[in-house]
Amino acid sequence: MNRLYDQFRPSSTPYIPPVWPAGLKLVAATVLAAFALFSRTWELAGLSALLVVVFILVCRTPLRPLLRKIWLFGPQFGFILGLYILRLGPGWSVVSEALRVSLQIWLAFLPGLALYHGLSWTQARRLAHILLPRQTAFVLCTAVISVPLLLREFQDIYQVQLLRGARLRPRDLLRLAGWKDVAYSLLFPAVVQCLNASAQIAQAAELRGFPGVRKGDVWPYE
Amino acid sequence: MNKQHHALRNALFLGFCAVLLVSMKILFRWHLHIPGHSMLIVSFFLILARGVVPGKLSASTVGLWAGLMVVVLGLGKGGPLQMCKYVFPALFVDIGARLLPNWTHSLWTCALLGVGAGLGKTGANLLVDWAVGMETGVLFLHAGLKGLGAVIFSLLGSLLVPPVLTRLRAHRLL
């Protein structure tokens with residue numbers, strides 16, 4: 001009997017990964033992105049590209065989501081190159097300048113993406129509780145958790161209002177009446193849902209002794 | 001107790017605004033190829049937050065939180081400077097709301113706040129382009145073109161706020 005109980009007993013101390021590597025990654029990503037933005041020569045841009053690649057390898061980010069974002073580089077390069085040629089006339093130096101500028105903007109974007117795919121929710125939440133004031137951390141974490149639920153409720157509101165005959169389909173947005181219906185029959189109930197949810201969560205948290213005792217505690221306690 | 005309860009409730013509403021702003025921006029990534037179309041969502045949530053939560057800096061709070069989240073989640077191009085793209089419009093909204101008393105009652109003042117938010121976004125674009133070292137003429141052309149789109153869309157977004165606020169007031173929810 002005891003062995004059976006032991007088998008299904010929830011482990012008393014769940015494994016919590018240490019938080020300092022996550023903090024280090026956050027700092028590194030911020031520094032790398034800032035460095036990429038301010039590296040204004042080709043040598044510095046190359047160095048920053050190298051550092052970003054090292055960062056991605058060290059974080060062991062899955063490569064597929066990163067590869068999916070490569071296409072962002074193309075249209076932006078085209079747009080900036082067009083502007084440069086419009087202003088300075090065609091020439092190899094102009095192309096190289098435009099290429100460097102769009103590479104910089106793109107490189108500044110990569111470390112954050114790598115961080116996002118390399119950070120677990122538990123780590124992010126503990127990091128938020130260490131870095132931010134207690135109420136801010138609680139509010140942001142709660143909002144992140146409950147927004148998917150809210151979005152599902154918005155979807156329900158949308159479907160119900162469509163059945164009631166509100167003009168909410170994408171092609172209705174070409175006329176003024178569609179926008180009126182968006183404001184009155186979709187946005188208004190959605191905002192009321194948000195107000196309602198925030199009042200309920202605030203009351204529930206306070207009844208459970210919200211602000212807690214020590215700073216750095218993750219509330220509700222892990 | 002009551003005061004703290006209200007503070008927590010308002011903070012939660014601002015948090016919802018910030019997270020919804022970011023998630024809506026991801027969900028409705030229309031491939032319109034018009035620069036600045038995301039300002040529709042940004043200016044709507046910023047002005048809504050300022051209208052619903054009484055406080056001198058409520059829009060800035062939403063902007064700051066959304067910017068923090070965008071920097072940590074690695075959305076959008078611009079690294080840490082991405083934060084300015086949310087904080088500048090929010091500051092413009094807050095300052096505008098201070099300068100225009102009773103702005104919630106009129107469509108025109110709301111539209112003015114929307115234009116202010118668009119201008120704030122343009123300022124942030126200028127800053128990012130300057131940081132990467134773009135040539136001055138190209139910089140103004142690039143930021144100006146994007147800024148025009150931002151102003152138009154944020155004007156549209158701000159026009160959605162007054163009907164919602166009117167209804168909320170009619171139901172005594174403000």
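Analyst: Let us begin with one side chain: Ser102(A) has a relative accessible area of 0% and is therefore buried, where buried means under 20% relative accessible area, exposed over 50%, and partly exposed in between (1.4 Å probe, protein chains only). This is a predicted model, in which local features need pLDDT of at least 70 and side-chain atom pairs count only at pLDDT 80 or more, while totals for chains, interfaces and linings use all residues. Residues are numbered from 1 along each chain as its sequence is written, chains are lettered from A in the order in which they are written, and side-chain values use heavy atoms, with hydrogens and water left out.

User: Which residues does Ser102(A) touch, not counting those up to four places away in sequence?

Analyst: Contact means heavy atoms within 4.5 Å, and by that rule Ser102(A) meets Phe73(A), Gln76(A), Phe77(A) and Ile80(A), leaving aside residues up to four places away in sequence.

User: How is a salt bridge read, and how many does the rule find across the interface of chain B and chain A?

Analyst: A salt bridge is a side-chain nitrogen of Lys or Arg within 4 Å of a carboxyl oxygen of Asp or Glu. The rule finds one across the interface of chain B and chain A, and the side chains of Glu135(B) and Arg87(A) form a salt bridge at 3.7 Å, N to O.

User: How many residues of each chain are in contact?

Analyst: In this interface, 54 residues of chain B are in contact with 61 residues of chain A.
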